[in-house]
Amino acid sequence: MASMCARILERCRERENVTFIVTPPTSRRRRPFAGKRTQSTSSPNRVQSAPDFRSRSGQAGGPPPVAAPKLRDVPFDAAVVAASPFTALGLTVPLVRAVLDEGYTKPSPVQAEVVPLVLAGRDVLAMAQTGTGKTAAFVLPILQRLAAEGPSSRRVRALILTPTRELAAQIAERVSVYGKHLSLRHALVYGGVSQRGQEIALRAGPDILVATPGRLLDLMQQRIVTLDAVTHFVLDEADRMLDMGFVHDVRRIGAALQSKRQTLLFSATIAGGIESLAQSMLVQAARVAITPAVTTAETVEQSVVFVSRADKPALLERVLREGSSGRTLVFTRTKHGANRLSERLDRAGFRSAAIHGNKTQGARERALDSFRRGTTLVLVATDVAARGIDVDDISLVVNFDLPNVAESYVHRVGRTGRAGASGRAISFCDRDEQSLLRDVERLIRRRLPPWQGEKPIAVAPAPQPA
Ligand code: AMP
């Protein structure tokens, strides 16, 4: 252990020119666990101008306080850093310190798989959803590689593309948190806001750029940003990017990058579109698949109704009337299906809204806002659009269409019964969907009981036991 510590200290002295204060093991400080993502400090309406991570003490304007220690000079327990499983992944002291500060005790599965691959320079195609810790899986090793490549060249060397501005803001905040002991700069650009502040941030010469595709292309066309020095390229939530119609933008951005680069693609599913995007953008990529947890909350009462496709809308109206539910989230498989259903519900007198990838950011935010406030009680969503929905008290989830991917069932149902509250989930199953139902039941390892409506309904025949 002692020699390992010495090696790490030596390595860091060479690389980061850090002042170390090594405390004996008896004085180890335990940091509270803080596994949850902290609230972004950057306003999503403003651009986070490339901050110098070393100079937080002077951020509020005016002269910095007398002799305020630089973050990198703050004492830390080298033995704890050396013994951390994050060090065993190959991460250097500044990064391990940052994750320990966050209260992370061990790498999540996606981090354990992806970090060493990225450090080794491999391209990676990773199937991992939000919540698996995938952001740290790409941000940590990229920060390390950039820091090792030398001081800032004031050119963008790492580009992280993500579909929505919320995700972009969250990633930028993580870059700031994980990079707080390094001297790298980052900037954040996304559409729907004035470009002025983003231009200023880009002129400051960030090493890392977190961007949504549309605004980035605009800025490229105006020659406000050039990407010819990019050596690390991340496509985050690629499936959602395709669903939102960004595929051509993504390809155009990819084409503007040098071919000698490392590319990482993260997606919740690796379906047809993702496979071909990956083939055109990645080179001999290592594949990583992280299966999401497959448990549904005990507090959610789940059931199934066998009903023909044509009768589903009428059944939904009945469920909504009988249930006198609070907030209801209805899942459809297609965007058009979501629109059609929402229009029909409106005509039937239910206040509803549809949310899916074809809606503008503004329209989606408005729909979510009125759902949160209770002005709209029924939200009809596709799986991809629903991922960004952060509303706690949803009392009913209706699977109007069963999901093609069984794991999505768990995510859908997880929208209700949160924080110990009770919730209900009803799945509408047409004859064509019986194999999808079997996939779901196999995944959650239980059979869904039939829905007990108040009045009997004409139902399609139940399938034979799987
Ligand atoms: P992500 O999937 O990147 O959106 O991360 C989901 C949440 O997990 C975030 O709140 C992270 O701060 C947190 N997280 C990431 N890695 C770890 C870890 N190794 N241990 C505990 N929490 C983590």
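Q: What makes helix α17 a helix that lies across strands, and which strands are they?
A: In this predicted model, helix α17, formed by residues 406–413, lies across β8, β9, β12 and β13 (423–429).

Q: Across which strands does helix α14 lie, and at what angle does it run to β10?
A: Helix α14 (residues 335–347) lies across β9, β10 and β11 (378–381), and it runs at about 175° to β10.

Q: What is the order of the strands in the open sheet of six?
A: The order is β8-β13-β12-β9-β11-β10, and the pairing is parallel. From one strand to the next, the twist averages 20°.

Q: Why are β8 and β10 called edge strands?
A: Strand β8 (300–306) and strand β10 (352–355) each pair on one side only, and they are the edge strands of this sheet.

Q: How do you know that β9 and β12 are paired?
A: Pairing requires at least two bridges between two strands, and five bridges join β9 (residues 327–331) to β12 (residues 394–399), so the two strands count as paired. They run parallel, and Arg 327 stands opposite Ile 394 in β12.

Q: Why is Glu 237 called buried?
A: The cut-off for a buried residue is 20 or more other C-beta atoms within 10 Å; Glu 237 has 26 such neighbours and therefore counts as buried. Its place is in the loop between β5 (232–235) and α10 (238–243).

Q: Which residues is Glu 237 in contact with, leaving aside its neighbours within four places in sequence?
A: They are Thr 162, Pro 163, Leu 167, Phe 266 and Ser 267. Phe 266 is 29 residues away from Glu 237 along the chain, yet the C-alpha atoms of the two are separated by 5.5 Å.

Q: Which residues touch the most other members of the largest nonpolar core?
A: Among its 82 residues, these are Val 114, Leu 143, Leu 159, Tyr 178 and Val 210. Helix α6 (residues 134–149) gives the most to this core, with nine residues. Apart from it lies another core, of 40 residues, including Ile 355, Val 397, Cys 429 and Leu 436.

Q: What is Val 210 in contact with, leaving aside its neighbours within four places in sequence?
A: The contacts of Val 210 include Ile 160, Thr 162, Ala 168, Val 175 and His 186.

Notes:
Residues numbered from 1 in each chain as written. Predicted model: local features only at pLDDT ≥ 70, side-chain atom pairs only at ≥ 80, totals over all residues. Helix = DSSP H or I, 4+ residues; strand = E, 2+ residues; numbered from the N terminus. Axes fitted to C-alpha atoms, helices over the stretch in contact; angles between N-to-C directions. Contact = placed C-beta atoms within 7 Å. Buried ≥ 20, exposed ≤ 12 C-beta atoms within 10 Å, placed from the backbone. Core = buried A, V, L, I, M, F, W, Y, C linked by C-beta atoms within 7 Å.
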